[in-house]
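Q: Could you walk me through how to read a structure like this, feature by feature? Let's look at it together.

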Amino acid sequence: MNVQETFSFPQESIIPLVDESTSENESPKNKLLTLLDDIENRVEHFRRGALLMEEEKDVLFSSIDSIRTSDMINDLVEGDREEIIHYTERIASRCGTVEICVRTVRNEMQEECLNQVNTFIDNLVIDLHDDPLIVKDRCTSYMAACGSKSEEVDKNFENAVLGCSLDDQKRIRRRLQGLMNYIDYFHKLSSIDD
């Protein structure tokens, strides 16, 4: 994903511009509504761009973590290993200086449902080392509850997800997909060790 290509700030829009002129056929109210509609569209574009940047930051940190835990680092001689680790830490530190926050407005019920979903997913992560195959099955049923598959759905998880805001539902699907990718990778590593 290339955020720069997906989201860009048009240079000509840096200065706020409100055209107060109206045509004879247009009432001031209609003109203001048209301007507000345009601003609302730009706000939504801005939010989508910020969400994409949040995702890109997560992808960057995941890539850095993959390098940190890579077998290739263990294969390096001591001096080279220290150099790569130092380089990795410098990049992670630099990435950590960027703060992107898109706040999701939730009511009390949505907040409670999100907490339930997070507990379900946290338990998957905790149980992963004990039994990766069972965790993979549960993760698959959670993904099905999000509407991504037609397999058996975990009804408790589905009820919790349906109570979440739409923004949170999208994040939950992405989080589960990332967890599924990690489970597959973890399972691959476990079978190599056996």
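Q: Which residues are exposed on the other side of H5?
A: Glu108 and Ile126 are exposed on that other side of H5. Exposed means over 50% relative accessible area, buried means under 20%, and partly exposed lies in between (1.4 Å probe, protein chains only). The buried residues of H5 are Gln110, Cys113, Leu114, Val117, Ile121 and Leu124. They sit on the same side of H5 because they cover an arc of only 100° around the axis, the arc being that of the directions from the helix axis to the C-beta atoms.

Q: Before we go on, what kind of model is this, and how are residues numbered?
A: This is a predicted model, in which local features need pLDDT of at least 70 and side-chain atom pairs count only at pLDDT 80 or more, while totals for chains, interfaces and linings use all residues. Residues are numbered from 1 along each chain as its sequence is written, and side-chain values use heavy atoms, with hydrogens and water left out.

Q: How many helices and strands are there?
A: Helices (H or I, at least four residues) and strands (E, at least two) are DSSP runs, numbered from the N terminus. The protein chain has eight helices and zero strands, giving the pattern α-α-α-α-α-α-α-α along the sequence.

Q: What span does H5 reach from its first C-alpha to its last?
A: The expected span of a helix is 1.5 Å times one less than its number of residues. H5 has 20 residues and reaches 29 Å, close to the 28 Å expected.

Q: Is Gln110 buried or exposed?
A: Gln110, found in helix H5, is buried, with a relative accessible area of 18%. Contact means heavy atoms within 4.5 Å. Not counting residues up to four places away in sequence, Gln110 touches Val105, Gly163, Cys164 and Ser165.

Q: How many residues does the largest nonpolar core have?
A: The general idea first: in soluble globular proteins, nonpolar side chains tend to be buried together. A nonpolar core is a set of buried Ala, Val, Leu, Ile, Met, Phe, Trp, Tyr and Cys residues joined through side-chain atoms within 4.5 Å. Here the largest one has 21 residues, and Val117, Ile121, Cys139, Phe157, Ile172 and Leu176 have the most contacts inside it. At least two residues of this core come from each of helix H5 (108–127), helix H6 (132–145), helix H7 (155–162) and helix H8 (166–193).

Q: Which residues is Cys139 in contact with?
A: Leaving aside neighbours within four places in sequence, Cys139 is in contact with Leu124, Leu176, Leu179, Met180 and Ile183.

Q: How many disulfides does the count come to?
A: A disulfide is a pair of cysteine sulfur atoms within 2.5 Å, and by this rule the count is zero. Take Cys146, which is buried at 10% relative accessibility: the closest cysteine sulfur, in Cys164, is 8.9 Å from its own sulfur, too far for a bond. Cys164 is also buried, with a relative accessible area of 5%. The closest cysteine sulfur to that of Cys164 is in Cys113, and at 5.5 Å this is too far for a bond.

Q: How many salt bridges does the structure hold?
A: Side chains of opposite charge can pair when their charged atoms come close. A salt bridge is a side-chain nitrogen of Lys or Arg within 4 Å of a carboxyl oxygen of Asp or Glu. The structure holds eleven of them.

Q: Which parts do the Arg47 and Asp167 side chains tie together?
A: These side chains meet in a salt bridge (2.9 Å, N to O). Arg47 lies in helix H2 (residues 28–68) and Asp167 in helix H8, so the pair links parts 120 residues apart in sequence. Arg47 is partly exposed at 23% relative accessibility, and Asp167 is partly exposed with a relative accessible area of 23%.
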